[in-house]
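Hello,

Please find the structure below. My notes on what turned up follow it.

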Amino acid sequence: MPRILVIEDEPDIQAVLRFALEKDGHQVTVAGNGGDGLQELRRAGYDLVLLDLMLPDRDGLEVCRIIRSDPSLATTPVIMVTAKGEETDVVVGLGLGADDYVTKPFRTKELLARIKVRLARAREEASDGDRRRLQFQGLVIDPVRHRVVVDEQAVVLTLTEFKLLHVLASHAGVAYDRYGLLDRIGDGESVVTDRTIDVHVRNLRAKIKPYDHFVETVRGVGYRFADGA
Ligand code: CA
C-alpha cells in the first residue's frame, strides 16, 4: 500500500485529501506544517509527498528544497498543491525539484491520476538508478537522477560538472584530452573551451572532496578517473 504524506494546514483540505487518498488505496499521514512534515518524512520515509505551498511556519518551496538536498529524501516524489495566482511559485517549485503540481480547487480524479503516474515513475527510477549507479568508496554518482553524493551528503554540481564526472568515472583509467571531454560534455549551447574544462575540473574537485584525487591530471594529455578507485 503506497504511503503518502500530506503536508497541509487547512483542516478542510486535509480531510478531503485523506478521504480521497484512503479510498483509492493509499495509506495517509497528515502533517499540519512544514517542520512537522519534514520530521515525519525523515522519521518514516514516504512514497510520495503532497506539499501545500502556503504553510504556517515555512514556505512550501523551502520544504521542497530541503527534501531535494537531503539524499535520504531526495528521490521522494513531491507534488505541490497551490492556489490560483501562485503560478510564479509553481515555476520556482518545479525548478527546485518538485515533480508536479495541482491547483486548488483540484479535481480528485485528476490528483489521483497524477499521483499514480509519479508513484510508477519513482518505482522505475529506483530500479533503473540502482542498476546504473556508480560508486567509488563514499562517492556515489547517480546518472538517472543526476545526483552525486559524497559521504552520504548530496552535493550540488552544475550540469557540466556532472557530465564531466560521469564521463570520467564511467571510463575509469581512460585518459581524455580536453577536446575529447569537450565533445562528450558540450551541449552545443553553452560555450565550453578547452581551458574552461580546467576550471570545471577545479570546481568539481572542490565539491567532491575528499575524493577529489580520483580525478587525476594526466600531464600533457588531460584528465582521467583513477583506475581501481
Ligand atoms: Ca495552506
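I start with a pair of helices. Helix 7 and helix 8 are roughly perpendicular to each other, because their axes cross at roughly 80° and angles of 65 to 115 degrees count as roughly perpendicular. The two axes come within 9 Å. Helix 7 covers residues 178–185, and helix 8 covers residues 194–207. On the helix 7 side, the contact is made by Arg 178, Tyr 179, Leu 181, Leu 182 and Ile 185. Helix 8 brings Asp 194, Arg 195, Ile 197 and Asp 198. By type, five of these contact residues are nonpolar, four are charged and none is polar. Bear in mind that this is a predicted model.

Next, the domains. Nine residues of domain 1 touch eleven residues of domain 2. Together the two domains bury about 890 Å² between them, with 48% of it on carbon and sulfur atoms.

One to look at is Glu 40 with Arg 43, where the closest N and O atoms are 2.9 Å apart. Both sit in helix 2 (residues 34–44), three residues apart, so about one helical turn separates them.

Now the backbone. Most residues other than glycine have a negative phi, and most peptide bonds are trans.

- Lys 104 and Pro 105 are joined by a cis peptide bond, with omega about -5°. Pro 105 lies in the loop between strand 5 (100–104) and helix 5 (108–132).
- Lys 209 to Pro 210 is also a cis peptide bond, with omega near 5°. Pro 210 lies in the loop between helix 8 and strand 11 (215–218).
- Asp 151 is not a glycine, yet its phi is positive, about 45°. Its place is the loop between strand 8 (147–150) and strand 9 (153–155).

Best regards

Notes. Residues numbered from 1 in each chain as written. Predicted model: local features only at pLDDT ≥ 70, side-chain atom pairs only at ≥ 80, totals over all residues. Heavy atoms only, no water. Axes fitted to C-alpha atoms, helices over the stretch in contact; angles between N-to-C directions. Helix = DSSP H or I, 4+ residues; strand = E, 2+ residues; numbered from the N terminus. Parallel < 35°, antiparallel > 145°, perpendicular 65-115°, else oblique. Contact = heavy atoms within 4.5 Å. Nonpolar A, V, L, I, M, F, W, Y, C, P; charged D, E, K, R; others polar. Buried area = accessible area lost by both parts, 1.4 Å probe. Salt bridge = Lys/Arg side-chain N within 4 Å of Asp/Glu carboxyl O.
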